[in-house]
Amino acid sequence: MLKHLTCALANWRWSRVQDLETDLHRLRYLFWECTRRCNLSCRHCGSDCGKDDEQIGLPADQVEATLAAIARRYAPAEIMLVTTGGEPLVRPDLLAVLATAHRLGFQLGMVTNGHTLDQPMARRLRAVGLQSIVVSLDGPEATHDWLRNRPGQFRRVCRALEALVAVGVPVVEAITCVTPRSLAQLEQTYTIVRDLGVTHWRVFNIFPAGRAKGDAELLLDASGIERLVHDIAALRQRGKRDGLVVNLSEEGYLGWDWEKKVRDTPYLCRAGINIAGIMADGSIAACPNLPARMAQGNLATDDFVDVWENRYDLFRDRRWTREGACGDCRQWNVCRGGSLHLWDEERKAPHWCHYEILHPEGRGT
């Protein structure tokens, strides 16, 4: 009974925090999909960049003008501009745009596969003000190269991470996409990441989109997700001793008995609440992992600041997710349908419910 009351109180308090964050909708992360071109053809690519190769990205002057408008309206020092793709480093004018963003006062981050990131590039990125970078490392050598579909890629990633640490990028994060093949290798992967000297390690399981849709070799089942959570809880404790910050990515609400065991902050899908995205085709979106139908406008016809202030109801009023399997769930006030990239429009429910997997004794209790 005491545990039930404690969880109920925690749910109430966190739901109020979510309400406040939603009402304020302070922009804190701005993803810029600078291109959909890529130098790899990964098995699990969510955007299937090979098919979207014609999307080279918006012209630099249009991106810089949009960033300048955002900087005039908000405090850019409070916004992390995260460059993503495709693969950002294939864009020739990338560093010039980042230099402009840095002069405007934005914090700078990046997500990269690390394929071309050597020591000279690491120095150039640091010189333009890069503060945070995420590099994919998906397990031991054979496993990583298998998922990334490129022999030798593991060694390139290790080279990239070592170079970034050497030049002093403040936050160097390795991110691991867990598959059934790599699930049993988490401890080995932890050791690799720790020994590379990075500051953070983030782990998530692949969701069914793009090339990964329906591929049993890539998708964990319920027992796999349960094992992943348990293993990361143990490795997070080891990370505290080793000086490595370990987090499970925010894929869905786990219940208060698990949240702080695997994450720095409790679950909250911040898409459209604190997170926006400028996509390669000019779409004004939220999280870049979301389908195109969730875009809120386009820079060809809309003003970014106006869109951020006056649209995004799809994300800020999530009552539309309270149907189907989520309809009578007592955890809805904190989960709110889970991370939106997991929402299955046909089923009107998430592809999987993390809370239900970890609490098989009863959903929503």
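Q: What makes two rings an aromatic pair here?
A: Rings of Phe, Tyr and Trp (its six-membered ring) pair if their centres lie within 6.5 Å. In this predicted model, that rule gives a count of six aromatic pairs.

Q: Why is the pair of W308 and Y312 called edge-to-face?
A: Planes over 60 degrees apart count as edge-to-face. The planes of W308 and Y312 are at 65°, with the ring centres 5.0 Å apart, so the pair is edge-to-face. Both W308 and Y312 are buried, too.

Q: What makes W320 and W343 an edge-to-face pair?
A: Centre to centre, W320 and W343 are 5.5 Å apart, and there are 80° between the planes.

Q: Where in the chain do W320 and W343 sit?
A: W320 is in the loop between helix 11 (313–316) and helix 12 (332–335), while W343 belongs to strand 11 (residues 343–344). They're 23 residues apart, and the pair links distant parts of the chain.

Q: Why does W320 count as partly exposed?
A: Buried means under 20% and exposed means over 50%. W320 has 24% relative accessibility, so it falls in between and counts as partly exposed.

Q: How do you know whether W343 is buried or exposed?
A: Its relative accessible area is 5%. That is under 20%, so W343 is buried.

Q: What makes R181 sit over the ring of W146?
A: For Arg, CZ has to be within 6 Å of the ring centre and within 35 degrees of the ring normal. The charged end of R181 sits over the W146 ring, 3.8 Å from its centre.

Terms used:
Residues numbered from 1 in each chain as written. Predicted model: local features only at pLDDT ≥ 70, side-chain atom pairs only at ≥ 80, totals over all residues. Heavy atoms only, no water. Phe/Tyr/Trp six-rings, centres within 6.5 Å; stacked < 30°, edge-to-face > 60°. Buried < 20%, exposed > 50% of the residue type's maximum accessible area, 1.4 Å probe, protein only. Helix = DSSP H or I, 4+ residues; strand = E, 2+ residues; numbered from the N terminus.
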